[in-house]
Structure formats: structure tokens, C-alpha cells
Amino acid sequence: MFDIKLGDEEGRVRALERLDILDTQEETAFELVATLVRQVLKVPMSGVSLIDRRRHWFKARRGIDAQEFDRELSFCSRTIDQSGALLISDARADPLYASHPFVVDDPNVVSYAGFPLTTPDGYNIGSLCAIGTEPHAFTSEEVEILSNFAKILMDTIELRQIASADGLTGAMTRRAWITEAKSELRRAARYNHPVSLAIMDIDKFKLVNDTWGHPAGDVVIAGLADLTMDLIRDSDLFGRLGGEEFALLMPETSADQATAMADRLRSHFETKVFDIKKAGPISCTVSIGVAHARSEDDTIDQMMERADQALYRAKTGGRNRVSLSTDG
């Protein structure tokens, strides 16, 4: 059993961010657990909660209207500050919560049981909670049920991470990247923040495979992925679209900044040398197309189409270059 790391807020938030689960769409496994908690514990409300620096956000919820609210209002925020369950049988009699707006007003919380969601490295990233509108003295059996469901949720999150990673490169799979990119675009539109996309493709890659074989091609693909992941920020979304093609979504990034970053990747890759046993050292180049979100109505498909067109211009213009979409 791992040690619970309490008090390391920066480490906790980084652990949550690495999971890339905040602001994602509904998923059956999480919805099912929320439903079962409500049914088995016979409470009107239940939720799978994640807590970032300022927000309480529900990955799944039953009987609860709000998708998110300020962390300072969150019962679950207190749950993640301890190693075991937080149990409140009657919030009206609890000095910490008697005047809480969620107690004295809608949704009229009276009883609460929360169990932390703990990562394998010991960080509490959120909680699984059962909420009642009547007093409820939660039994040890009920706490055990919450604990077991919390373990199931963390196993699901771990499996979700494995399924979302490309086996060769460690980049996100195409499906996982598109899902996360859509969520990031919604965030950018909500707060009117800039976001840019780069699509990169290794030049003359077929020649590498035809000349030295697919294992050599895999070395080059993995090399581009490693280089990219070394240079980008934690907030950037990097995925393998297929073959030798990758996508990089850059939040809080203007078109000029994205173009500069793409050119940095291009120039670093140009100087990288790969040791192919049957061929000795070889080098490759990459062409990159860049597109910027034009408006809050932009979709990831539209951005990818513009970046693809820019990539085509980079290829036909001589390769080993970066091209910015002229359409936005």
C-alpha cells in the first residue's frame, strides 16, 4: 500500500493534470458507478468528483444539477485532505457546515460520505461521494462499498490512460487526442483564449521503410515523438494520428508563437541522428502545417483541415519547413 501524500498541493494538481481527465465527456464506467452508489446507499445524490486548484468538477453525477462550482464550496475538497472517508451524518449540526449555502439552500445537503480517489503515487485527486437530504449515520459496510467503488474508478482511470497511449511512441492515440482536443477547444472558446494546432509529417518516410525496413522507420517515428515531448509544455496535447503523422494542440498560443514552436521542432529534428544498425547513422526532416483557432465556433475537424492544407504547402514547397494556414 502506498503512502498518501497530503499537503503537497502542487504535486497533487500535477498528478491530476497528467491524467487528462478534467473537462472530458461522459464515460459509461464513471456514470455506472455514480448510479450504483446512489442505488446501493439509497441516497438521492452521488458524484465522481475531481478537484483542481480552484474548481470542483464532476466527471459523473446523479441528482446534482451543477457540473462544477468553486472549490471553496466543496465538501469533497475536505475529503481529499485526509487518507480515509469523510463522514457527515447531519451537516446542520456540524459547525463547519451548518451555515454552508448547499446546506441551508438548494440542494439542501444534510448527510455526506466521501472517499478519496487516490493515484498509485499517493495523491488524492478527487472523491466518490454519496449525499443525502436526511440524516444518515453511514455504516462501516457502506464506507467499505464506497472504498471498493473508489478503487474501481482509479483502476478505470489507469486503464483509460493505457488505452489512450500509443504503444510505440507514448504519444496519445488518435482517438484519445481528438477527444481531448475537442475538450480543450471548448475550454478555449469558453474563456476566449487562443489555441493553435500543428500537424507534422516526416519527410520521405516511405524511403526510410523501403531502404532500411520498418524497424528503422519505427526508430525515426519514436525519435520525433521523444524530441517533441521533450520540448513541449505539460499543457500541450501531443498525439499520433497514424503512421509518421503527429498532431500538437497548443493552448494559450497565438499563430506566431505556434509557428515559432513548430520551427523549433523542425530544426531540432533536422539535426537529430538515428543509429540504424544495418545502415549506420541516418537523419530525416519533418514538414509542419500550423493553424490557429479562428473563432469560438471553430471545430477540431476544421482546424485539422486547415493545418493539413498548410502541411501540403510545406511538402510541395520543398519539405523541411513550416507553413502557416492562410485561412486563420
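The model is predicted, and local features need pLDDT of at least 70, side-chain atom pairs count only at pLDDT 80 or more, and totals for chains, interfaces and linings use all residues. Residues are numbered from 1 along each chain as its sequence is written, and side-chain values use heavy atoms, with hydrogens and water left out.

**Overall layout**

The chain has ten helices and 13 strands. Helices (H or I, at least four residues) and strands (E, at least two) are DSSP runs, numbered from the N terminus. Along its principal axes, the C-alpha trace spans about 75 × 45 × 30 Å. Of the 328 residues, 51% count as buried. Buried means under 20% relative accessible area, exposed means over 50%, and partly exposed lies in between (1.4 Å probe, protein chains only).

Ile21 sits in the loop between α1 (9-18) and α2 (28-41). Ile21 counts as buried because its relative accessible area is 1%. The C-alpha atoms of Ile21 and Arg160 are separated by 9.4 Å, although the two residues are 139 residues apart along the chain.

**Nonpolar core**

A nonpolar core is a set of buried Ala, Val, Leu, Ile, Met, Phe, Trp, Tyr and Cys residues joined through side-chain atoms within 4.5 Å. The largest one has 30 residues, and those with the most contacts inside it are Met200, Val220 and Phe269. At least two residues of this core come from each of β7 (195-202), α7 (205-212), α8 (214-231), β9 (245-251), α9 (255-270), β10 (274-276) and β12 (286-292). Helix α8 gives the most, with seven residues. In soluble globular proteins, nonpolar side chains tend to be buried together.

**Salt bridges**

The structure holds 23 salt bridges, each defined as a side-chain nitrogen of Lys or Arg within 4 Å of a carboxyl oxygen of Asp or Glu.

| Asp201 | Lys315 | 2.9 Å |

Asp263 is partly exposed, with a relative accessible area of 33%, whereas Arg266 counts as buried at 12% relative accessibility.

Salt bridges also link Asp23, Asp52, Arg55, Glu68, Glu184 and Arg187 in a network.

**Negative surface patch**

Asp301, Glu305, Asp308 and Asp327 form a negative surface patch. Patches of this kind are made of residues with over 30% relative accessible area and no salt bridge, like charges being joined within 9 Å. Asp and Glu count as negative, and the place of a charge is taken as CG of Asp or CD of Glu. Accessible areas come from the Shrake-Rupley method with a 1.4 Å probe.

Asp327 lies in the segment after β13 (322-324). Asp327 counts as partly exposed because its relative accessibility is 42%.

Note on methods. Patch = residues over 30% accessible without salt bridge, like charges linked within 9 Å, V, L, I, M, F, W, Y side chains within 5 Å.
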